[in-house]
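User: Hi! I'm new to reading protein structures, and I'd like to work through this one with you. Could we take it step by step?

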Amino acid sequence: LMCNVFDLWQTVFGASMSTRVIRVATGRLTSTNTEVQIIMDYLIANCTGADAISVSAYNLWPVPDYDSLMTHCPSATVADVISINQNRMASYYPMLVNATQKSITYGVPLLFYEGGQHIQGSGAPCAMTAIYAAQNDIGMYNFYQTWLQKLRDTTNATLFMHFALAGVGTMGALIYISQSTSLKYQAITEYINNCQDTVSSAVEN
């Protein structure tokens, strides 16, 4: 199916495809990034490969993190949320290195098609107030500054897309579209503005 899609794009874009379309093999960020490897190997064996590989760049909480937060209920605080979020980051660094190694092995760029913090209020309903309040806390600003820098220091990625500009529960850089700014949004835009080379500021719709 994927090869058929790539062939369709080639028919539509013709000679300009190489400058207008990036064919991407995507998967979740995991310890071995097996999804990306399986897809890329299939594309190489059955069509003409892909132009890049891509994984999500989320600081995703596993169930034990939510369980840990809920031990603080009904008095869970923003500080509790920020502490767990900060402590989770290091577990993803080896996964980022592995994704980089795969991009080198395949000789294609690494892209982060979406990413950011990934704390869901539904994961710990009794701490939902603290989870939402943490989205506009200085601790979340510090997390984004650290996470974005780590993505640059640890990987060879050429693109990072923050998942959403506004809304989508806790996922947006802004809580709602008419909000002028937030500490999370400020952290992202400041990081972009302070970069010495080109960094994409694209945001998924």
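User: Is Asp 51 buried, partly exposed or exposed, and what is its relative accessible area?

Analyst: Good place to start, and keep in mind that this is a predicted model. Buried means under 20% relative accessible area and exposed means over 50%, with partly exposed in between. Asp 51 falls in the middle class, so it is partly exposed, with a relative accessible area of 29%.

User: Which side chain does Asp 51 meet in a salt bridge, and at what N to O distance?

Analyst: A salt bridge needs a side-chain nitrogen of Lys or Arg within 4 Å of a carboxyl oxygen of Asp or Glu. Asp 51 brings the carboxyl oxygen, and its partner is Arg 23, at 3.0 Å.

User: How many residues apart are Asp 51 and Arg 23, and where does each one lie?

Analyst: The salt bridge between Asp 51 and Arg 23 links distant parts of the chain. Asp 51 is in the loop between helix 3 and strand 2 (52–55), while Arg 23 is in the loop between helix 2 (17–20) and strand 1. The two are 28 residues apart.

User: Which ring does Arg 23 lie over, and how far is it from the ring centre?

Analyst: Arg 23 is buried, with a relative accessible area of 12%. Besides its salt bridge with Asp 51, Arg 23 lies over the face of an aromatic ring. That ring belongs to Phe 6, and the distance to its centre is 5.5 Å.

User: Where else does a charged end sit over a ring, and how far from the centre?

Analyst: Look at Lys 150 this time. Its charged end sits over the ring of Tyr 93, and the distance from the centre is 4.5 Å.

User: How many salt bridges are there, and what is the N to O distance between Arg 28 and Glu 35?

Analyst: The count comes to three salt bridges.

User: Which helices does the salt bridge between Arg 88 and Asp 65 tie together?

Analyst: The side chains of Arg 88 and Asp 65 meet at 2.8 Å, N to O. The pair ties together parts that are 23 residues apart in sequence, because Arg 88 lies in helix 5 and Asp 65 in helix 4. Asp 65 is buried, with a relative accessible area of 9%. The elements you asked for are helix 5 and helix 4.

User: How many aromatic pairs are there, and why is the pair of Trp 61 and Tyr 66 called tilted?

Analyst: The count comes to six aromatic pairs. The rings of Trp 61 and Tyr 66 have centres 5.1 Å apart, and the angle between their planes decides the label. Planes under 30 degrees apart count as stacked and over 60 as edge-to-face, with the rest tilted. Trp 61 and Tyr 66 are both buried, and their pair is tilted because its planes are at 50°.

User: Which residues do ring pairs link into a cluster?

Analyst: Here the ring pairs join up into a group. The members of the cluster are Tyr 92, Phe 143, Tyr 144 and Trp 147.

User: Which peptide bond is cis, and what is its omega near?

Analyst: Find Pro 74, in the loop between helix 4 (63–70) and helix 5 (78–89). The cis bond runs from Cys 73 to Pro 74, with omega near 5°.

Note on methods:
Residues are numbered from 1 along each chain as its sequence is written. This is a predicted model: local features need pLDDT of at least 70, side-chain atom pairs count only at pLDDT 80 or more; totals for chains, interfaces and linings use all residues. Side-chain values use heavy atoms; hydrogens and water are left out. Rings of Phe, Tyr and Trp (its six-membered ring) pair if their centres lie within 6.5 Å; planes under 30 degrees apart count as stacked, over 60 as edge-to-face and the rest as tilted. Buried means under 20% relative accessible area, exposed over 50%, partly exposed in between (1.4 Å probe, protein chains only). A charge sits over a ring if NZ of Lys or CZ of Arg is within 6 Å of the ring centre and within 35 degrees of the ring normal. Helices (H or I, at least four residues) and strands (E, at least two) are DSSP runs, numbered from the N terminus.
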